[in-house]
Amino acid sequence: MFKAILLNRSDSGATLAELADLDISRLPEADVRVRVSHSTLNYKDGLAITGKGPVVRKWPMVPGIDFAGVVEHSASPLWQAGDAVILNGWGVGETHWGGLAQYASVKGEWLIARPAGLSAAQTMAIGTAGYTAMLCVLALEKHGLRPGDGEVLVTGANGGVGSVAITLLARLGYRVIASTGRPQEADYLKSLGAADIIDRAELSAPGKPLGRERWAGVVDSVGSHTLANACATTRYRGAVAACGLAQGMDFPSSVAPFILRGVTLYGVDSVMAPTPLRLEAWSRLARDLDLAKLEAISRDIGLAEALAVAPQILAGQVRGRVVVHVDR
Ligand code: NDP
């Protein structure tokens, strides 16, 4: 038997979430069984557990889009019992049982080795949000952005993606401006490395097609008018990495920033990202992330507590990252 968060759908279509004891035989068919030690609560897990977004596409479902653990049984040539592994995405926690459980059964090619220098708990303090923040930074770097180029805007600053993006960019030498709706967290954001804070209201209302050029680069996890205004205020030939929709899925922009200022908008997806890019992102996280700051960004909860924290993450009440200890 093992413990898991289990999601079922009621006759009326509502999501019913509970902490369940499940027989190991109920795990899905796949070639690698992992004893999970840590998972996390990402925004998407909040959507899945509360049913507020169409994340779950197969029922019943164990949510959890990421986990860290140790291989217990492998029929895959890629892994052996005892290997320390992590997983992000691939539809896990959406169409395939996920990481908010003591066991997961997954395809070998979905796993990567836990990066040297990071504990299982640290990989999940980073989690999919932090790995996505790194994918955004890589997109900006590959565009050619360098620390001397000017200010970099990070939206959704107190969130998981935002907190890790600020920490990474500041460590790399960028002048980071954090956009937040929680100015009371300014000290926290500055402790991560933000040089200055702006009120997210400056970006979240409908704006003009072009504004004063300010940002050399942008990491946006918010979408909607915020993303449109970020593009409109990005400097000539600057770049914006868009990965999220905390404000909304819409993108009420014009082509003006792209055709008049040569701004580039990069879409960042973590779920189906190819393995070489994942390996690059995780090795950079192991190298460049300040682990002392990672501790300040994250807090720990037990498996059952994930049920209560899920609505809080959607309400924007969670700061930074939440690590789920599945044996607690
Ligand atoms: P969090 O909930 O941790 O953070 C989101 C932050 O956005 C909040 O903390 C808040 O920051 C800000 N925010 C919330 N509501 C609004 C609003 N209405 N208007 C403007 N800002 C708002 O989520 P994550 O950081 O984990 O994820 C952020 C987004 O990125 C989500 O949409 C998520 O689905 C997406 N994502 C996408 C991935 C991909 O592969 N593309 C992977 C991971 C995440 P503050 O209080 O500072 O204003």
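**Aromatic pairs and surface contacts in a predicted model**

Let me begin with Glu109, which touches Leu78, Trp90 and Thr275, leaving aside residues up to four places away in sequence, where contact means heavy atoms within 4.5 Å. This is a predicted model, in which local features need pLDDT of at least 70 and side-chain atom pairs count only at pLDDT 80 or more, while totals for chains, interfaces and linings use all residues. Residues are numbered from 1 along each chain as its sequence is written, and side-chain values use heavy atoms, with hydrogens and water left out.

Glu109 sits in the loop between S6 and strand S7 (112-113), with helices (H or I, at least four residues) and strands (E, at least two) taken as DSSP runs and numbered from the N terminus. Is Glu109 buried or exposed, or does it fall in between? With a relative accessibility of 45%, Glu109 counts as partly exposed, given that buried means under 20% relative accessible area, exposed over 50%, and partly exposed in between, with a 1.4 Å probe and protein chains only.

Turning to the rings, how many aromatic pairs does a search of the whole structure find? The search gives two, on the criterion that rings of Phe, Tyr and Trp (its six-membered ring) pair if their centres lie within 6.5 Å, with planes under 30 degrees apart counted as stacked, over 60 as edge-to-face and the rest as tilted. Phe2 and Tyr103 have ring centres 6.0 Å apart and planes at 80 degrees, so this pair is edge-to-face. Because Phe2 belongs to strand S1 (residues 2-9) and Tyr103 to strand S6 (residues 103-106), the pair ties together parts that are 101 residues apart in sequence. Phe2 counts as buried at 2% relative accessibility, and Tyr103 counts as buried at 14%.

The other pair, Tyr131 and Trp282, is stacked, at 6.1 Å centre to centre and with 20 degrees between the planes. This pair links distant parts of the chain, since Tyr131 is in helix H2 (residues 120-143) and Trp282 in helix H8 (residues 275-288), 151 residues apart. Tyr131 is buried at 0% relative accessibility, as is Trp282 at 1%.

Two arginines also lie over ring faces: Arg35 over Tyr103, at 5.4 Å from the ring centre, and Arg319 over Tyr188, at 3.8 Å from the ring centre. The criterion here is that NZ of Lys or CZ of Arg is within 6 Å of the ring centre and within 35 degrees of the ring normal.
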